[in-house]
Amino acid sequence: MPTIDVKGQSIFYRRYPPREPAGLSCPPLVLIHGAGGTLMNWPPQLRRLEGVTVYAVDLPGHGDSAGNGSQNIAAYRDSVLAFADALTLPRFVAAGHSMGGAIALDMVLNAPARLAGLILLGTSDRLPVSKRLMDELETSFRETVTWLTSILFGHDAQFFIRDAYQRQMLELDLALLHGDFLACDRFDVSTQVHKLDLPTSIICGELDRMTPLTNSEALHAKITGSQLYVISNAGHMVMLEKPDEVAGIIDAFMKQVSIQADKQ
């Protein structure tokens, strides 16, 4: 499996397809998972978009990547940018879910020349996390993860998807998850997102209880020219619950970005 050295850390990723198709003009797509997640939080439908080179990455300390997690979004932002630089990627589209969306937003605000587009799933320009939740993770980890899983998915989510996600969360190092939640809690670009001038697609589950639809609607209102898609009967883990629908939206967005890139 592919790894690459990024700032002295071995970062695990998967590339689809394994080799660049001849004549491909579409910008690459980099998938950034959320708090406590791994690249496997992105289902095959999103990792295997026809005509798009897709890079799904495990953030430092997550999944099969070495190193430690972080307690601030800026450090994760720098890691993803360094990952892209290590692979000599051209301008790319960043797709981020939840904390990954915060990382993507921070990237475009601090390194706009590196990005060709932005896809935000179940995220916001602020991601407050209650102190009570973080305290309960420390005192009753298994019970709190079980409760979290119950609210992260909509009513239609298949049992095996919920179960696989819960098992992955239960295997996490508590310090890593705690650090990710601290990074989310400290994140706030609410007074800056209006500056964005980049093709942006915003996707939210209708039943998202972690980052409610009102958050995505507010993002849409602030980011000029953005597109908002509401996925019916889906919760926070929208891409796992409705992979075909989300893949269709992202596929259309990538085609749109590719056309714009060809005109430049």
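The model is predicted, with pLDDT of at least 70 required for local features and 80 or more for side-chain atom pairs, while totals for chains, interfaces and linings use all residues. Residues are numbered from 1 along each chain as its sequence is written, and side-chain values use heavy atoms, with hydrogens and water left out.

Me: Why is the pair of Tyr13 and Tyr55 called tilted?
Reply: Rings of Phe, Tyr and Trp (its six-membered ring) pair if their centres lie within 6.5 Å; planes under 30 degrees apart are stacked, over 60 edge-to-face, and the rest tilted. The centres of Tyr13 and Tyr55 are 6.2 Å apart and the planes meet at 40°, so the pair is tilted.

Me: What makes this pair a link between parts of the chain?
Reply: Tyr13 is in strand β2 (residues 9-16) and Tyr55 in strand β4 (residues 54-57), so the pair ties together parts 42 residues apart in sequence. Helices (H or I, at least four residues) and strands (E, at least two) are DSSP runs, numbered from the N terminus. Tyr13 and Tyr55 are both buried, that is, under 20% relative accessible area, where exposed is over 50% and partly exposed lies in between (1.4 Å probe, protein chains only).

Me: What makes the pair of Tyr13 and Phe83 edge-to-face?
Reply: The angle between the planes is 70°, with the centres 5.3 Å apart; the edge-to-face class takes angles over 60 degrees. This pair also links distant parts of the chain, as Phe83 sits in helix α2 (residues 73-86), 70 residues from Tyr13. Tyr13, Tyr55 and Phe83 form one aromatic cluster, and the count of aromatic pairs comes to 3.

Me: How do you know that the chain agrees with a compact globule?
Reply: The radius of gyration is taken over C-alpha atoms, and the globule rule is 2.2 Å times the number of residues to the power 0.38. For 264 residues a compact globule would have a value near 18 Å; the chain has 17 Å, which agrees. Buried residues make up 54% of the chain. The chain has 10 helices and 8 strands.

Me: What makes a space a cavity, and how many of 30 Å³ or more are found?
Reply: On a 1 Å grid over the protein atoms alone, a cavity is a set of points where a 1.4 Å probe fits but cannot get out; a pocket is an open set with protein on both sides within 12 Å along at least five of seven lines, and lining residues have an atom within 4 Å of a point. The search finds 1 cavity of 30 Å³ or more. The largest cavity has a volume of about 40 Å³, where grid points are joined across faces, edges and corners and a volume is the space filled by probe spheres set on the points. Its lining includes Ile11, Val57 and Phe83, and α2 gives the largest share, 3 residues.

Me: Which residues lie nearest the centre of the largest pocket?
Reply: Ser98, Val129, Phe181, Met210 and His236 lie nearest the centre, among 27 lining residues. The largest pocket holds about 430 Å³ of space, and α5 gives the most to its lining, with 4 residues.

Me: What is the volume of the second largest pocket?
Reply: The second largest pocket has about 250 Å³, and α6 gives the largest share of its lining, 6 residues.
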